[in-house]
Amino acid sequence: MHAPKALPSIWVTGLSRLMADEMQCAWSVWFRTYFRYEKLNTNFDSAKWSASHRTLVNERVNMLEAEGYTVYVEGENRFEVLGREYLVKVAGKPDIIALKDGHAWVEDCKTGQRKNSDLYQMLIYLLLLPVSLAPCQGLSLQGRLIYRDEVVEIRATQVNQDFRAQFRAAIAILSSTTPPRKVPSFQECRFCDISAQYCLERVDHENPHTSSEHGLF
Ligand code: SF4
């Protein structure tokens with residue numbers, strides 16, 4: 001069963017992957033923007049991810065509070081921004097917002113492999129939080145990506161004209177009632193939670209012709 005959403009909406013995580021060019025099948029993001037659907041259970045171990053992510057978030061919260069920051073965590077940080085030109089809602093929930101002395105830091109904790117979309121995700125937060133989340137309004141906002149072995153600071157100045165243009169281009173794709181093309185491949189479909197019930201082109205098995213040995217080289 002799938003049903004259209006009252007308003008097209010996309011999570012920052014999906015949008016950032018599209019902007020970072022980490023997925024070729026833009027149709028999957030478009031479909032998620034427009035429809036609620038029964039999600040396919042992929043092999044992703046969400047319980048293990050949640051436990052390790054939770055540990056890292058708690059460590060950061062304890063450290064920031066010990067340094068005198070006022071800290072807001074996950075659900076407290078949920079925001080939604082509806083475009084004026086493009087009728088698409090962008091929603092997000094950064095892990096941590098920490099305030100002190102007129103400065104606000106938004107932090108996202110990353111326990112998996114580093115990806116380009118980590119940066120895009122943070123830049124979207126820096127673009128949208130000042131206009132959507134009360135504790136951040138009027139403050140100087142900067143970002144931090146928290147990895148197990150490194151903290152990477154992201155400056156608000158990185159939200160430049162190029163990034164804004166990329167953001168608008170991605171939203172334009174998602175707001176179009178003409179879907180972008182599907183790009184089915186085993187490499188991408190196996191991590192996709194959209195079942196063959198909604199996507200007939202889904203590829204669930206590796207094509208043996210793409211992995212055969214050849215005497216050419
Ligand atoms: S199953 Fe594959 S082709 Fe279908 S939406 Fe997902 S990634 Fe795209």
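This is a predicted model: local features need pLDDT of at least 70, side-chain atom pairs count only at pLDDT 80 or more; totals for chains, interfaces and linings use all residues.
Local features were required to have pLDDT of at least 70 and side-chain atom pairs pLDDT 80 or more, whereas totals for chains, interfaces and linings use all residues. Residues are numbered from 1 along each chain as its sequence is written, and side-chain values rest on heavy atoms, with hydrogens and water left out.

The chain contains six helices and 10 strands, defined as DSSP runs (H or I, at least four residues, for helices; E, at least two, for strands) and numbered from the N terminus. Its C-alpha atoms fill a box of roughly 65 × 40 × 35 Å along the principal axes. Of the 217 residues, 42% count as buried (under 20% relative accessible area; exposed, over 50%; partly exposed, in between; 1.4 Å probe, protein chains only). Among contacts (heavy atoms within 4.5 Å) with a separation of 6 or more, 69% join residues 24 or more positions apart.

Helix α4 spans residues 116-132. Because 12 of its 17 residues are buried, α4 is largely enclosed by the rest of the structure. The buried residues include Tyr120, Met122, Tyr125 and Leu126.

Helices α1 (residues 12-19) and α5 (residues 161-175) pack at an angle of about 110 degrees, with their axes 10 Å apart. Axes are lines fitted to C-alpha atoms over the stretch in contact, and angles run from 0 to 180 degrees between N-to-C directions. The two helices, α1 and α5, are therefore roughly perpendicular (65 to 115 degrees). Leu15, Leu18 and Met19 of α1 meet Phe163, Gln166, Phe167, Ala170, Ile171 and Leu174 of α5.

Most residues other than glycine have a negative phi. Glu74, in the loop between β4 (70-73) and β5 (79-82), has a positive phi of about 35 degrees. Asp101, in the loop between β7 (96-100) and β8 (103-110), likewise has a positive phi, near 50 degrees. Glu74 is buried, with a relative accessible area of 16%, whereas Asp101 is exposed, at 67%.

Terms used:
The expected span of a helix is 1.5 Å times one less than its number of residues. Angles under 35 degrees count as roughly parallel, over 145 as roughly antiparallel, 65 to 115 as roughly perpendicular and the rest as oblique.
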